Amino acid sequence: MSLRAVGVLPHPTRETAAALARHAAERLGAHGVEVRCPRTDDDGQLDPTGLDVVISLGGDGTMLRAVDLAYEAGVPVLGVNVGQMGYLTEVEPEDFDAGLDRLLSGDYEVAERMVLEITVESDSAARGRWFALNEAVLEKVHTGRLARLEVDINGTYFTTYAADGVIVATPTGSTAYSFSARGPIVSPRNRCVLLTPVSPHMLFDRSLVLAPEEVLRFVVCDDGSVVLTADGRELGGLAAGDAVSFQGGARPARIVTFGPRDFHQILKAKFGLSDR
């Protein structure tokens, strides 16, 4: 399929990303491709309507933002690593020209990744439906206090967490915050929902691995104690009685790849694991 329109989303403060964005606009424009970049007067938003691909120029944070912008429009995202870890990205800057050539020739594949669907019952700014490729976190607001959260699984009460917070993650997000809280690493080929408590003040401190169609529902026990974030975006504070539900999204996020990716070897390289 020939490219007609491409969105380019650079990291807002990295000059390397800005330079690559200018280069992409020149290269793609020379082939008659419409290039759409965020407007600085519109809070850096990018309208994905009619785009064939979105190119993310940054680290994993920029990639997550690009996926969030493109998800509901079904537009695939190509990640270019202009960051540090770059775990979610496909291309390094030195390979960017080759990546553009492959986009122009249609020589690429689209991988599907499960997302979280988040539904917030609240009068706060967090109210509504949200999506996350990596994770959502309900965490305490104040140092020295705990977040207390009642949790139901599939409509049945399970327990009340007393912890610094809880992480609900996808397999893609299992190598992010959940991993640092001693959650399991899960291949992105799987579809599941991970629940990992953060510094729980209770005997039960294990992660749970649930099917994507199962529904986790948390109810906040105390006023002003909890804030909700999704893929690093703060959605808002929650009051006592507010509820947040999680399950696997009905549609996957779409990620541009240039061939099969060996998850285990990527894991080994990114975490610096030795051969012996």
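How much space lies in the largest pocket? In this predicted model, in which local features need pLDDT of at least 70, side-chain atom pairs count only at pLDDT 80 or more, and totals for chains, interfaces and linings use all residues, the largest pocket holds about 480 Å³ of space. Residues are numbered from 1 along each chain as its sequence is written, and side-chain values use heavy atoms, with hydrogens and water left out.

A pocket is here an open set of points, on a 1 Å grid over the protein atoms alone, with protein on both sides within 12 Å along at least five of seven lines, whereas a cavity is a set of points where a 1.4 Å probe fits but cannot get out; lining residues have an atom within 4 Å of a point. Grid points are joined across faces, edges and corners, and a volume is the space filled by probe spheres set on the points. The largest pocket is lined by 23 residues, of which Ala111, Arg113, Pro188, Arg189 and Arg261 lie nearest its centre. Strand β5 (109-113) gives the largest share of this lining, four residues, and β18 (253-257) and α5 (263-270) each supply at least two; helices (H or I, at least four residues) and strands (E, at least two) are DSSP runs, numbered from the N terminus.

Two cavities of 30 Å³ or more are counted. The largest cavity, with about 50 Å³ of space, is lined by Val67, Asp68, Tyr71, Val115, Phe131, Ala132, Leu133, Asp231 and Arg233, and α2 (60-70) and β7 (128-132) each supply at least two residues of that lining. The second largest cavity, of about 40 Å³, has a lining that includes Val67, Tyr71 and Arg254, with α2 and β18 as the elements that give two or more residues.

Strand β12 (residues 193-198) pairs with β13 over three bridges, and Val193 has Leu210 in β13 as its bridge partner.

Among the helices, the axes of α1 (residues 15-29) and α3 (residues 96-105) come within 11 Å and cross at roughly 35°, axes being lines fitted to C-alpha atoms, for helices over the stretch in contact, and angles running from 0 to 180 degrees between N-to-C directions. Residues in contact (heavy atoms within 4.5 Å) include Leu20 and Arg27 in α1 and Phe96 and Asp101 in α3.

Technical notes: Two strands pair if DSSP finds at least two bridges between them.
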